[in-house]
Amino acid sequence: MLFDCERLTLARRLRGMRKNQLAQAVGTTPKAIGQYEAGVQRPEEPTMRRLAIALGVPVAFFQAGRSPVSMDGAHFRSLRSTSQIERDQALAYGRIATDVVAVLEGLVDLPMVDLPEYPVSPDEIAGSGPVEAARLTRKSLVEQPGPVAHVVRLLEAHGVIVLVLPEAAERVDAFSVGIHPRPMVFFNPAKGDYWRNRFDAAHELGHLVMHADAEPGEKVVEDQAHRFAAEFLMPEADIAAELPAKADWERLADLKAVWGVSIAALLYRARTLGIMTETAYRNAMSTMSSRGWRRHEPGPARPLEQPTMLARAIEIVGQAGTDRDGVAERARVTRADLDLLVSRR
């Protein structure tokens, strides 16, 4: 078997393991693992089998022949809030997802990628770029004014692969990566917040539309994606007349239910549009804090918007004769990893 050293690195990162941990598991040294991953030395067959067992992958996972997909340029929210090993693990899930998608695209037609492009300079601090990008994107993707009914479904309908990170990567916040041929958006379900999840989706859409070449993690770039999300979910032309100038909690609760955004987001939007004064905004947020609403806002909970494109594709190819085991074998991933990537949660 032709051994691909990059596939070994991928498997190790997928399991969140350091080189010394893997070395201990297979009875070798961290230096040897480093040589295997650098392509300096090829592991012997018995060692390769022990590596596969320790990493929970088939030996075929290490086989050469699969073109590498770069996950460079992923837009993580803050590079300080998570470790490199946590980010590497999350990206590894995305990397094996590209293998699964490649297999599925050979068996079923997935939606075409047709996101607009509106580059905004990462040096633009207070310009209109993010707002204009959001308006262009709504014009391109959303058929009518008003609330966006289902942000995740909208992303999938326009060719974006949306994945829910497994519990092993629960410290990693939502992020995106604009890879070829399909951009990807990753969600962390750990917080279980429907309202935040929708805003995260719009935020990551902003990165895909505006920041193909921007340096990930920069504060200005993140602020731009926030401004994009606010205009995308709460267009000034549609919502300005509905926002209160003072904290009318009953009114805000009604708007929350209609627009699918949090009360905190509505208050911030009212302030940024000049409808609510700075003093009124601060008083409202102080009340939110004193009532414990900054952590748990009032109102009924809603289930998170869930991606369905890959799960539906798996169902279709299964009906055509290729079951999940067959898809996993073709993608050279374990059935457990496949199920984790495409499960309905």
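The model contains an open sheet of three strands in the order E1-E3-E2, with mixed pairing. Strands are DSSP runs of E of at least two residues and helices are runs of H or I of at least four, both numbered from the N terminus; two strands pair if DSSP finds at least two bridges between them. Strand E1 (161-164) and strand E2 (175-177) stand at the edges with a single partner strand each, so one side of each has no neighbour in the sheet. From one strand to the next the twist averages 20°. This is a predicted model, in which local features need pLDDT of at least 70 and side-chain atom pairs count only at pLDDT 80 or more, while totals for chains, interfaces and linings use all residues. Residues are numbered from 1 along each chain as its sequence is written, and side-chain values use heavy atoms, with hydrogens and water left out.

Strands of a sheet pair through backbone hydrogen bonds, either parallel or antiparallel. Here E1 and E3 pair in the parallel sense over four bridges, and Val164 stands opposite Phe187 in E3. A hairpin of six residues joins E2 to E3. Within that pairing, Val177 has Met184 as its bridge partner in E3, and Phe175 stands opposite Phe186. Helix H5 (residues 84-105) packs on the sheet and touches E1, E2 and E3; its direction makes about 130° with that of E3. Contact here means heavy atoms within 4.5 Å. Axes are lines fitted to C-alpha atoms, for helices over the stretch in contact, and angles run from 0 to 180 degrees between N-to-C directions.

Buried means under 20% relative accessible area, exposed over 50%, and partly exposed in between, with a 1.4 Å probe and protein chains only. In strand E2 lies Ser176, which is buried with a relative accessible area of 0%. The side chain of Ser176 makes a polar contact with the side chain of Glu204 at 2.7 Å. A polar contact is a pair of N or O atoms within 3.5 Å; within protein, one must be able to donate a hydrogen and the other to accept it, and residues adjacent in sequence count only if both atoms are side-chain atoms.

Helix H8 holds Ala202, also buried with a relative accessible area of 0%. Leaving out residues up to four places away in sequence, Ala202 touches Val151, Phe228, Ala229, Phe232 and Leu233.

Helix H11 (residues 249-259) has the buried residues Trp249, Leu252, Leu255, Lys256 and Trp259. They cover an arc of only 120° around the axis, which puts them on the same side of H11; the arc is that of the directions from the helix axis to the C-beta atoms. These buried residues pack against helix H8 (194-210), helix H9 (219-233), helix H10 (236-239), helix H12 (263-272) and helix H13 (278-290). The face turned away from the buried side of H11 carries the exposed residues Glu250 and Val258. Just after H11, Gly260 takes a positive phi of about 70°.
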